[in-house]
Amino acid sequence: MDQTEIVNIIIKTINTIFSNFFSSIDSSIYDNLDSLVFFNSDIMTNNFFSKFLGNNKNSLIYLSDSMIIAVAIFYVVRFYYSNMVDANVERPHQFLFKLLIFAFFINFSYFIIEQILNLNFLFSSSIQEIGKNVTGFDINFSELIVSLNKKIDIDSGEFNLFSFDGIIKSFVSVGFFNLIFMYSLRYVFVQVLILFSPFAFLSLINSTTAWIFKNWFRTLCCLLVIQVFVPLVIIVIFCIENNKILYVGGIYTLIKINDYIREIFGGISLNVNQN
């Protein structure tokens with residue numbers, strides 16, 4: 001056996017290993033990616049909430065209600081103290097009005113978040129449906145990888161890691177792995193923000209803590225709006241014909257979409273390396 005044959009055997013073995021690896025990814029990972037990106041209010045009924053809250057899902061709301069009493073007592077003490085030192089403090093009727101309004105929001109915080117999630121899912125589903133009518137493809141990651149394999153002829157012949165198509169396939173697979181981690185992190189962040197939504201509304205009662213709600217709301221909106229922008233990018237990718245470089249650019253856009261949205265609206269980074 002000469003050196004050339006040995007090299008060919010090594011290359012063939014590497015190609016077979018990576019071909020099987022990419023095939024296993026294609027058959028399992030992308031369905032999970034769709035469920036992490038496109039979700040509705042069902043996210044509030046999964047095991048995370050049941051394990052954290054136990055049998056009573058309103059336990060944090062009850063805790064927030066008890067803190068309302070503490071805030072009211074603090075205001076009374078502060079009000080009488082301000083009269084002695086001649087300090088400015090909001091009038092009692094203004095505070096009482098805010099207390100009643102935000103107490104209502106606290107007790108219906110999960111219901112409000114549920115409607116926001118359903119509305120966001122409605123927007124993303126509508127875009128997906130419109131995209132399906134325009135492109136003829138289901139707008140999701142499972143369909144996207146099938147389309148990618150067809151464009152780079154991954155199923156029509158023997159996979160070659162060292163070819164241009166093989167390099168593209170490798171880049172895309174690594175990119176999708178990054179997406180799995182990024183959207184898993186987003187999924188967890190959204191659940192945590194939803195969980196502590198009663199305390200976010202509670203912070204509005206006092207003007208000195210209102211910044212907590214503003215940051216919470218901006219972060220939640222930025223994480224949810226990704227769900228609307230992702231199908232738009234996928235539609236653009238499906239509209240790209242016979243240009244593999246632009247196709248890879250569309251995949252890269254999906255990877256960086258959180259950074260783009262964060263630069264426009266603010267929020268937190270989902271880049272694992274930055275966190």
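Hi everyone, let's begin with K132, which is partly exposed, with a relative accessible area of 39%. Before going on, please keep in mind that this is a predicted model.

What does K132 form a salt bridge with? The partner is D138, and the closest N and O atoms of the pair are 3.2 Å apart. D138 also counts as partly exposed, at 32% relative accessibility. As background, side chains of opposite charge can pair when their charged atoms come close.

Next, the helices. Helix α5 covers residues 109-135 and helix α9 covers residues 210-239. They pack at an angle of about 10 degrees, and their axes are 9 Å apart. Angles under 35 degrees count as roughly parallel, and α5 and α9 are therefore roughly parallel to each other. On the α5 side, the contact includes I113, F121 and I127; on the α9 side, W216, L224 and F238 are among the residues involved. What kinds of residues make up this contact? They divide into 16 nonpolar, 6 polar and no charged.

Finally, the largest nonpolar core. This core has 65 residues, and those touching the most other members are F141, L144, F176, L179, Y183, V230 and L254. Helix α9 gives the largest share of the core, 15 residues. Let's zoom in on V230. Leaving aside residues up to four places away in sequence, V230 touches V37, F38, F141, Y183, L254 and I257.

How values were computed:
Residues are numbered from 1 along each chain as its sequence is written. This is a predicted model: local features need pLDDT of at least 70, side-chain atom pairs count only at pLDDT 80 or more; totals for chains, interfaces and linings use all residues. Side-chain values use heavy atoms; hydrogens and water are left out. Axes are lines fitted to C-alpha atoms, for helices over the stretch in contact, and angles run from 0 to 180 degrees between N-to-C directions. Helices (H or I, at least four residues) and strands (E, at least two) are DSSP runs, numbered from the N terminus. Angles under 35 degrees count as roughly parallel, over 145 as roughly antiparallel, 65 to 115 as roughly perpendicular and the rest as oblique. Contact means heavy atoms within 4.5 Å. Ala, Val, Leu, Ile, Met, Phe, Trp, Tyr, Cys and Pro count as nonpolar, Asp, Glu, Lys and Arg as charged, and the others, Gly among them, as polar. A salt bridge is a side-chain nitrogen of Lys or Arg within 4 Å of a carboxyl oxygen of Asp or Glu. Buried means under 20% relative accessible area, exposed over 50%, partly exposed in between (1.4 Å probe, protein chains only). A nonpolar core is a set of buried Ala, Val, Leu, Ile, Met, Phe, Trp, Tyr and Cys residues joined through side-chain atoms within 4.5 Å.
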